[in-house]
Amino acid sequence: LQINKDDVTALHCKVVCLIQNGSFKEALSVIHTHTKVLTSDSITFEKAYCEYRLNRIENALKTIQSASQQTDKLKELHGQVLYRLERYDDCLAVYRDLIRNSQDDYEEERKTNLSAVVAAQSTWEKVEPEDLGLQEATYELCYNAACALIGQGRLNEAMKNLQKAEGSTRRKRLHFVLSGLQDVTEEDIEAELAIIHGQMAYIMQLQGRTEDALQLYNQIIKLKPTDVGLIAVIANNIITINKDQNVFDSKKKVKLTNAEGVEHKLSKKQLQAIEFNKALLAMYTNQADQCRKLSASLQSQNPEHLLPVLIQAAQLCREKQHAGAIELLQDFAEQSPANSAQIKLTMAQLKIAQGSITKACIILRSIEELKHKPGMVSALVTMYSHEEDIDSAIEVFTQAIQWHQGYQASRSGQTIHLREPCDLQPKSPVHLSLIREAANFKLKYGRKKEAISDLEELWKQNPRDIHTLAQLISAYSLVDPEKAKVLSKHLPSSDTMSLKVDVDVLENSPGATYVRKKGGKLTGENQQKEQGQGDVKKKKRKKKGKLPKNYDPKVTPDPERWLPMRERSYYRGRKKGKKKDQIGKGTQGATTTGTSEL
């Protein structure tokens, strides 16, 4: 280059050398300085790679897309860039094309990257992955398959895959040691297995085995792994286990999530979760200003997300500002209709905490998508019953039953004109259960007349239900006795009822005459005596009262003997006598006769 500063081959070689040494900024500087000599097509890959390694991901994507020809190595880099940008569908298409159209020694690495994309889709986008037919031949493939299974909630299968990956790694390292290829210690193996153990601990945490998970997390942190992303995730998960307990440990762990370069190692959702937990930790440690600052920042970054608003509302509640919390939630519900149901549920909970049950019911009934659900109906009826507002509780039942009736009719998709109304199809189990509960509720509170329509509906659905028929007859007996008589004909006759009772034996039996308090069998003569005394009623003996030892029958008893001594008319109190020993009197050092005895 000193001989000829514009030598293209020499400049290209210099850029490659700088990249190999990790001097990405200097390599990019050389490329920008000699833009006239180094044409875009000849140096596109090196430029895009430097931008990728400097975490300028968007710039790297533009550089790749500007290339006139997409070579295999550019496609490989394109896949990596798309993965970092979390564009998983496009990334999957790139790797599929590479595996299909390339034949070299890097097929295993491409399959590993492909499985990583599938795992990311399953974890972050909740997409059920398709079976790509990837054999779990390496520990990387086993690990990625486990991550995909975790995303689907198949935790036991995921744990088996992780154990398989762990065993594969140990065998591989042991082979290197025995072959003399590497000098590997147990600490080195544990450090390499840290990412697998971290995922195992995460599964334990999801399964509720928090003690085991916490122990494994702490073991990994003690190893001090070099992967800052792994440390940040484990520290965050420990904080979630601690919650509002052990806050001093959580404060130490939160520092590990702030390490340099973490933002380039984790996905957007991971980083978001860490920031949410920082705000919650500030709330639990009574750092109100810090909590408000963090939650406000999170809300500005994620205006549609529900959690920052809930954190702010929780902080206001901790400061006893319930009205402010409800106002905040109300404003957010109006701005974000998609989250209005969750917001209104939270508002209702706050109203209940304040003792405003009726206002909570009004809020709950305004949630259109939930008010016909059995759980919501149950909650509203319970709350109205607590407030002794039976009419409103019955209204809740009626609206829910009508909704399900309309839903059933709309699903049938038929319009039939009849002189009398009839059911187009059987009611759904939820609909029938609501009718049953409504009828029971009305009967419980003496609204038999209102319960008749519900009981008739239930009896139509199941004419063999004798219990419902009996309830219906009981209800009609107060309103329309003639109708009750007609319905009573549908009750089964006594001849058809198989009670398995011998009436003659029952009439001739002596009946129960004696109930023994303590368990145990009677044998021999005692048993015969018990049976023989069945008809005779035993007289109770009166026990003679006990007399005092000094009782004299000639002397009339004291009429005030039942009163306490102090309340008797002849009580004069105790005489105050002189103390025998006057301690503290007389000359100094003098003693009395009592003292010597003591």
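1. Ring pairs join Phe-24, Phe-45, Tyr-49 and Tyr-52 into a cluster. Rings of Phe, Tyr and Trp (its six-membered ring) pair if their centres lie within 6.5 Å. The structure holds six such aromatic pairs.

2. Some ground rules. This is a predicted model, where local features need pLDDT of at least 70 and side-chain atom pairs count only at pLDDT 80 or more, while totals for chains, interfaces and linings use all residues. Residues are numbered from 1 along each chain as its sequence is written, and side-chain values use heavy atoms, with hydrogens and water left out.

3. Phe-45 and Tyr-49 form a stacked pair, 6.1 Å centre to centre with 20° between the planes. Planes under 30 degrees apart count as stacked, over 60 as edge-to-face and the rest as tilted. Both residues lie in helix H3 (residues 40–53), four residues apart, about one turn of the helix. Helices are DSSP runs (H or I, at least four residues), numbered from the N terminus. Phe-45 is partly exposed at 22% relative accessibility. Tyr-49 is partly exposed too, at 23%. The cut-offs: buried is under 20% relative accessible area, exposed over 50%, partly exposed in between (1.4 Å probe, protein chains only).

4. Phe-397 and Phe-441 make a tilted pair, because their ring centres are 5.8 Å apart and their planes stand at 50°. This pair links distant parts of the chain: Phe-397 sits in helix H23 (residues 390–412) and Phe-441 in helix H24 (residues 429–444), 44 residues apart. Both Phe-397 and Phe-441 are buried.

5. How do H11 and H13 cross? The axes of helix H11 (residues 194–206) and helix H13 (residues 228–242) come within 11 Å and cross at roughly 20°. So H11 is roughly parallel to H13 (angles under 35 degrees count as roughly parallel, over 145 as roughly antiparallel, 65 to 115 as roughly perpendicular and the rest as oblique). Axes are lines fitted to C-alpha atoms over the stretch in contact, with angles from 0 to 180 degrees between N-to-C directions.

6. H11 contributes Ala-194, Ile-195, Tyr-202 and Gln-205 to the contact, and H13 contributes Leu-230, Asn-237, Thr-240 and Ile-241. Contact means heavy atoms within 4.5 Å.

7. Two non-glycine residues deserve a look. Lys-243 has a positive phi, near 55°. Asn-246 also has a positive phi, about 50°. Lys-243 lies in the loop between H13 and helix H14 (247–256), and Asn-246 lies in the loop between H13 and H14. Lys-243 is exposed at 54% relative accessibility, whereas Asn-246 is partly exposed at 48%.
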